[in-house]
Amino acid sequence: MKPFLVALRFLTRFPVSWNNPTDRQVGQSLLHYPLVGLLMGLCLAGLAWLLGEGVLAAALIIVAWVVLTGLMHMDGLADTADAWIGGLGDRERTLEIMKDPRCGPAGVTALILVLLVKFAAVLELLALLGQGGWMALILAPLLGRAALPLLFLTTDYVRPGGMGSLLAEHFPRSAAWVVTLGVGVAVAVMPLMLGLGWVGLWALLGAGGVFLLGRIWMRHRIGGTTGDTAGALAELVEAGVLVAVVLMM
């Protein structure tokens with residue numbers, strides 16, 4: 001139970017306590033990231049059913065989404081965008097810029113663009129709630145968080161220290177593979193069982209495409225991942241899921 005609470009506290013702003021987790025518990029918390037994403041998605045889908053269609057409803061869902069995460073992954077997205085543009089292709093300069101807490105124009109632009117895409121996609125999905133559009137609101141945060149165990153499984157962590165370093169050093173790899181594969185199967189099968197067609201498959205394709213491109217880009221630029229790039233990937237995977245589902249529904 002403790003690793004789940006660590007994951008819930010780290011990824012969201014739900015009022016739970018850390019209670020000084022051990023390094024091992026921090027590593028184990030990575031296994032619970034998809035479950036935290038599922039809880040977030042259920043909150044968003046419930047809010048969508050409550051608010052119904054419309055521009056204001058879509059805007060409020062985006063606001064709730066941002067508040068729920070406490071801007072943590074968006075901070076990673078902004079830092080990564082600043083570093084990728086300002087680093088000018090140099091690995092060490094890119095890593096150095098990511099340490100800077102200030103947000104530059106590239107970071108601001110990245111945040112605006114990703115939020116704009118999410119808003120437009122949510123607006124489309126609200127018009128398709130009866131046809132299963134609500135499922136995409138569940139799958140986006142679920143797959144966004146499920147991408148992180150897979151990233152740590154397949155990509156070197158290149159910055160010592162901090163939460164990301166503890167995750168990379170102490171998470172149980174065998175169990176993480178089981179969780180990741182289980183999430184993939186569940187996402188593909190559950191919408192079919194609920195009569196929602198291929199929503200899960202489209203979501204997996206969108207998430208998988210963004211994940212592969214993001215991982216290739218990370219390895220090419222810095223030789224692996226950091227906490228910031230992991231957060232950026234989570235945000236981009238969410239957007240990729242929403243876009244894929246909207247385009248294919």
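**Salt bridges and other labels**

Reply: Start with glutamate 238 and arginine 145, which form a salt bridge with their closest N and O atoms 2.6 Å apart. Note that the model is predicted.

Me: What makes the contact of glutamate 238 with arginine 145 a salt bridge?

Reply: The cut-off is a side-chain nitrogen of Lys or Arg within 4 Å of a carboxyl oxygen of Asp or Glu. The closest N and O atoms of arginine 145 and glutamate 238 are 2.6 Å apart, so the pair meets the rule.

Me: Why is arginine 145 called buried?

Reply: Buried means under 20% relative accessible area. Arginine 145 has 0% relative accessibility, so the word applies. Glutamate 238 is also buried, because its relative accessible area is 0%.

Me: Which other salt bridge does glutamate 238 make?

Reply: Its side chain meets that of lysine 118, at 2.5 Å from N to O. This pair links distant parts of the chain, with lysine 118 in helix α7 and glutamate 238 in helix α12, 120 residues apart. Lysine 118 counts as buried because its relative accessible area is 2%.

Me: Why are Lys118, Arg145, Glu235 and Glu238 called a network?

Reply: Salt bridges link these residues. Lysine 118 has a salt bridge with glutamate 238, and glutamate 238 has one with arginine 145. Lysine 118 also forms a salt bridge with glutamate 235, where the closest N and O atoms are 2.8 Å apart. Lysine 118 is in helix α7 and glutamate 235 in helix α12, so this pair joins parts 117 residues apart in sequence. The count for the structure is four salt bridges.

Me: How do you know that lysine 118 lies over the face of tryptophan 65?

Reply: One part of the test is that NZ of Lys is within 6 Å of the ring centre. Lysine 118 is at 4.5 Å from the ring centre of tryptophan 65. The other part is an angle within 35 degrees of the ring normal; lysine 118 is listed as lying over the face.

Me: What makes phenylalanine 152 and tyrosine 157 a stacked pair?

Reply: A pair of aromatic rings is described by the distance of the centres and the angle of the planes. Centres must lie within 6.5 Å, and planes under 30 degrees apart count as stacked. Phenylalanine 152 and tyrosine 157 have centres 5.9 Å apart and planes at 20°, so they are stacked.

Me: Why is the pair of phenylalanine 152 and phenylalanine 171 called edge-to-face?

Reply: Planes over 60 degrees apart count as edge-to-face. For phenylalanine 152 and phenylalanine 171 the angle is 65°, with 6.4 Å from centre to centre. Phenylalanine 152 is in helix α8, while phenylalanine 171 is in the loop between α9 and α10. Both phenylalanine 152 and phenylalanine 171 are buried. Ring pairs join Phe152, Tyr157 and Phe171 into a cluster.

Me: What makes a set of residues a nonpolar core?

Reply: Its members are buried nonpolar residues joined through side-chain atoms within 4.5 Å. The largest nonpolar core here has 59 residues, and Trp65, Val122, Val241 and Leu242 have the most contacts inside it. Helix α8 gives the most to this core, with 14 residues. A second, separate core has seven residues, among them Leu95 and Val158.

Me: Which residues does valine 122 contact, leaving aside neighbours within four places in sequence?

Reply: They are Ala58, Ile61, Ile62, Trp65, Leu137 and Leu242.

Me: How do you know that threonine 12 is buried, and what does its side chain reach?

Reply: Threonine 12 has 0% relative accessibility, so it counts as buried. Its side chain reaches the backbone nitrogen of phenylalanine 14 at 3.2 Å, and a polar atom of that side chain lies 2.5 Å from the backbone oxygen of leucine 8. Polar contacts are pairs of N or O atoms within 3.5 Å. Threonine 12 itself lies in the loop between α1 and α2.

Me: Why is threonine 80 called buried?

Reply: Its relative accessible area is 11%, so threonine 80 is buried, the cut-off being under 20%. Threonine 80 is found in helix α5.

Conventions:
Residues numbered from 1 in each chain as written. Predicted model: local features only at pLDDT ≥ 70, side-chain atom pairs only at ≥ 80, totals over all residues. Heavy atoms only, no water. Buried < 20%, exposed > 50% of the residue type's maximum accessible area, 1.4 Å probe, protein only. Helix = DSSP H or I, 4+ residues; strand = E, 2+ residues; numbered from the N terminus. Contact = heavy atoms within 4.5 Å. Phe/Tyr/Trp six-rings, centres within 6.5 Å; stacked < 30°, edge-to-face > 60°. Polar contact = N/O pair within 3.5 Å; in protein donor to acceptor, adjacent residues only side chain to side chain.
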